[in-house]
Each structure stands twice: as C-alpha cells, then as structure tokens.
Amino acid sequence: MRMERASQRISQVARVVTDPSVAAGYCTDFTGRWRGSTPLVALPGDTAEVAEVMRICAEEGVPVVPQGGNTGLVGGGVPMGGEVVLSLRRLTGLGPVDVAAQQVTAGAGVVLSALQRHVRAAGLDFGVDFAARDAATVGGMIATNAGGERVLRYGTTRANVVGVEAVLADGSVVSRLGGLAKDNTGFELPFTGSEGTLGVVTAARLRLVPLLERRATALLGLPGVPAALEALAVLRSLDSLEMAEFFQPEGLRLVRGHTGLPSPTREEHAVYLLVECAAPRDPAPELHAVLESLHASEVVVAADAADRHRLWRYREAHTEAINARGVPVKLDVALPLGELPGFLDDLPSLVGGCELYLFGHLAEGNLHINLIGGQDPTDAVLRRVALSGGSISAEHGVGRAKTPWLHLSRSPAELAAFRAVKQALDPRHLLNPGVLVP
Ligand SMILES: Cc1cc2nc3c(=O)[nH]c(=O)nc-3n(C[C@H](O)[C@H](O)[C@H](O)COP(=O)(O)OP(=O)(O)OC[C@H]3O[C@@H](n4cnc5c(N)ncnc54)[C@H](O)[C@@H]3O)c2cc1C
C-alpha cells in the first residue's frame, strides 16, 4: 500500500519506468549474479527532483536503491528486496572546465568517458580510469570510491574529488561544490565509499590532472609474480609510470578466445605485466632504458597509439571474457606486496575445483580473483587474505556480496562507528538496506 502510494506520488514529480520489461534492465547486475525486482525506477532530471523523490520515500517509509551505470560488481546497486530504484543517469550536466583551478563540476550521471572527452578538450584529464568507462558514472565512482588503472599515480576516486552535492535520506540537500582547495570548517561527510547508504550523490566538484598525451606502453612476459614485483620496484623509479597491470596465461587464453586476438607474445609466460608511462615529453626513451635493465623473458613495446590500445585490450577484456565464460564469483582483494607470492602459492588449494582467472593492479597488490564452477570458496579465500593483513575488498566495495566478511577487514569499534554514522544520517535504513552496513 505504502509502495503503491509512493509510486503514484513519485510519478508526479519525476520521470518513471514501471513497465517490468524495461525495469528489468535496472534489476540485474553486469555479471548476472544479482537479479532483483522493483515496482518502479525513478529517473529524476535534477537535484530538486532527486530531493522530492527522497522526501516522498521518507514520508512513505519506502526503501531506495541509488543506481548509476549499474556496472558495480558487488550487487550494491541492485534492488534485491523490491526497493524503488533511483537512477541518476539523467543528471548529465557538465560545467565549464576551470583550467586555473584544474577542476570541473559534473552531474552524478555523467559517464566516465564523457567526462574524459569534456576535460581533455580543455587540455586536462581525470585521474581515474578503468574498463567500464563507457557506462560507469561519476556518482557510482564516488559511491564505490572506484580505483582502476591509474591509482599508482593519481590515487583512488577519493583523491580526485574536491566536494560533493548529495541528497540525504530525508530529502535535504547538502552541497560542497564551491571548489575551495582549503576549507577547514569541519569534517567531510563520508559519501565517498558509502555505496549509496548515506546519501544520494547528485553532483561533484572534481580535481583534474594534466593531460599527458605522450605515452609509452610495453607488455612484459615474466617467469612469476616475484619477478613481476622485482620489475615493478625498478619501474617505480620512473616519475612517468602511470600503470602496472598484470594477468596470467589462463585469462589471456580466455580473452583471445573471446576477442579473436592473436597471442601478444612469441611464447607463453607465467605472468604478463602491462606498463604504461605518460609525460609531457616522450617517455619512451626512459622506459626503454629501464626495460633493458630488467630480466624479462620477453618484452613487447607498443609502436603507436593503435598498438597501445591493442595491448590494453588483452588486459581490459578480461572482465567481459570471464562473464562470457559463465557467472563468476568475483573476489577483489588487496594484500601487502610482500605477502602476494605466499598468498598466490596457497590460492589454488583454497579455490579447489573452480576455474581460476586472476588479473589485477600490481602496484596496489590488488588481485581480481574470478572463479567459475565448483564450490564457492569465498570464505576460505577472504580469511586467508585477512590473515596476511589484506583487504577483503580493494576497490569494488562491499555491496551485498562481501557484507558477511566485513569484520575480517574492519574492527568491532570501526563497525560500531559505521552503524552510528548510518543511524545518524539514515535512521530508518531507507537507503540501500542490506548493503555495506551490517
Ligand atoms: C568491465 C568492468 C571493469 C571494471 N573495472 C573496475 C576497476 O578497474 N576499478 C574499480 O574500482 N571498479 C571497476 N569496475 C566496477 C564498477 O565499474 C565501479 O564500481 C563503478 O564505480 C560503478 O559505477 P556505476 O555508475 O556503474 O555504479 P552502480 O553500479 O550503478 O552502483 C554502484 C554502487 O554505488 C551506488 N551508487 C551509484 N550511483 C550513486 C549515486 N549517485 N549516489 C549514491 N550512491 C550511488 C549504488 O547504490 C551501488 O551501491 C569495473 C566494472 C566493469 C563492468
């Protein structure tokens, strides 16, 4: 009854979708693992409409799942309890690029690749980048504190946000879009990394970085992870180092089968390390000099931009190739670099009979462990990660998928603080119930 009344009221203040065949697209995640349902998708066109929708939901006591591009990988944006979906996709406003301050204001629904095009036209760039760039939104990236391929140089999304505008659970609006680099008038409200549980992000003031168009890319074939870590330690001496991504032969074979690409190297290697440098001046000479000093089994250097994108495809196509193979269990963990070799030695026995596809962001010790078939070994793997002082979620967030294991990475005092913040900002648990906050 309350849901019906809320739906009627929401449809008077915002565009909505109620046709189940259209709404279905908002109810299943990218992997197909999470399949929910909703009576209504609200598609407000501006912050005032978002506030109205939230006010109605608060008055009717109706739970809400905020959603951006629906590329999240932990089930956090899927209505698993029949909640209203609040899609921010229509908030696509982009302000002028402030070149002097190196900032821009973007609506929550702006897709990462659109943001990149906008700021690159002004000679600047956004420091966060990853393969879902054509669908992931600014709001979703902030809500998950997305990481990606350039973290070693520019940090995660958190480091690239100056301020956020958000609608709280009661429909009130808080806004920090002024762009002041210095403003110590109290603490930051913790929207970054809150996964839609504390407020609905409607816009953000983003920090920009110089656009570095001179790039040099190479793919290294190495005998194992210890060798990749040794190579990384040397490569880090380069100021221009921007990315250091790794994958393994099993994933490469899957990618090749999925894309039809030929082998990138003459021989197969235990580990592939894809590195890229970017600088105002051509970084190729310094990268090549360092590559010569490494003991890589094989090195392939990109000849031009098209070649660079070809090499990147081997790494970036992993997620879609794995999805095409089956519905994966996706674990996204981080370990101290020194713990990686031991953990990887133990991994095959922990995952039992599952097919294992491993890739990730080496500089952060961030492993994407993808498992298909067999018994779900999540518990054993995450406990082993915690034993080595790692994180059970490096960059995808906790969502619904990892909530039962959050205590492995967060202390009882931290979890109590999480609950207190949630209680203060959303006392009736209307925002994303069941996500992140245990
Ligand atoms: C091919 C592929 C590659 C990926 N690579 C990476 C990677 O390298 N690094 C990485 O970190 N992630 C990666 N991801 C995961 C995903 O793209 C990111 O988590 C992304 O930030 C999600 O953005 P989205 O707009 O799709 O959010 P959604 O999936 O719609 O939502 C994700 C979470 O954020 C909340 N949310 C969304 N919008 C808002 C908002 N406006 N206000 C409040 N809460 C909101 C949702 O409720 C949900 O909990 C990848 C995903 C895919 C499919």
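Tutor: Let us begin with handedness: a crossing is left-handed if the near helix is turned anticlockwise from the far one by less than a right angle, and right-handed if clockwise. In this model, which is predicted, α7 passes α12 in a right-handed crossing.

Student: What angle do helix α7 and helix α12 make, and how far apart are their axes?

Tutor: Two packed helices are described by the angle between their axes and the distance between the axes. Helix α7 (residues 225-235) packs on helix α12 (residues 340-351) at about 155 degrees, with the axes 9 Å apart. Angles over 145 degrees count as roughly antiparallel, and α7 and α12 are therefore roughly antiparallel to each other.

Student: Which residues of α7 and α12 meet?

Tutor: Val-225, Pro-226 and Leu-229 of α7 meet Leu-340, Pro-341 and Leu-344 of α12, a contact that has 6 nonpolar, no polar and no charged residues.

Student: How are α8 and α11 arranged relative to each other?

Tutor: Helix α8 (residues 249-259) and helix α11 (residues 318-325) pack at about 80 degrees, their axes being 9 Å apart, and they are therefore roughly perpendicular to each other. Residues of this contact include Leu-252 and His-258 of α8 together with Ile-322 and Arg-325 of α11, and by class the contact divides into 6 nonpolar, 3 polar and 2 charged residues.

Student: How many residues surround the ligand?

Tutor: The ligand is surrounded by 36 residues, with Pro-66, Gly-68, Thr-71, Gly-72 and Thr-137 the closest. An N or O atom in the side chain of Thr-137 is 2.6 Å from a ligand oxygen atom, while a polar backbone atom of Asn-70 is 2.8 Å from an oxygen atom of the ligand.

Definitions and conventions. Residues are numbered from 1 along each chain as its sequence is written. This is a predicted model: local features need pLDDT of at least 70, side-chain atom pairs count only at pLDDT 80 or more; totals for chains, interfaces and linings use all residues. Side-chain values use heavy atoms; hydrogens and water are left out. Axes are lines fitted to C-alpha atoms, for helices over the stretch in contact, and angles run from 0 to 180 degrees between N-to-C directions. Helices (H or I, at least four residues) and strands (E, at least two) are DSSP runs, numbered from the N terminus. Angles under 35 degrees count as roughly parallel, over 145 as roughly antiparallel, 65 to 115 as roughly perpendicular and the rest as oblique. Contact means heavy atoms within 4.5 Å. Ala, Val, Leu, Ile, Met, Phe, Trp, Tyr, Cys and Pro count as nonpolar, Asp, Glu, Lys and Arg as charged, and the others, Gly among them, as polar. A residue is near a molecule or strand if one of its heavy atoms lies within 4 Å of it. A polar contact is a pair of N or O atoms within 3.5 Å; within protein, one must be able to donate a hydrogen and the other to accept it, and residues adjacent in sequence count only if both atoms are side-chain atoms.
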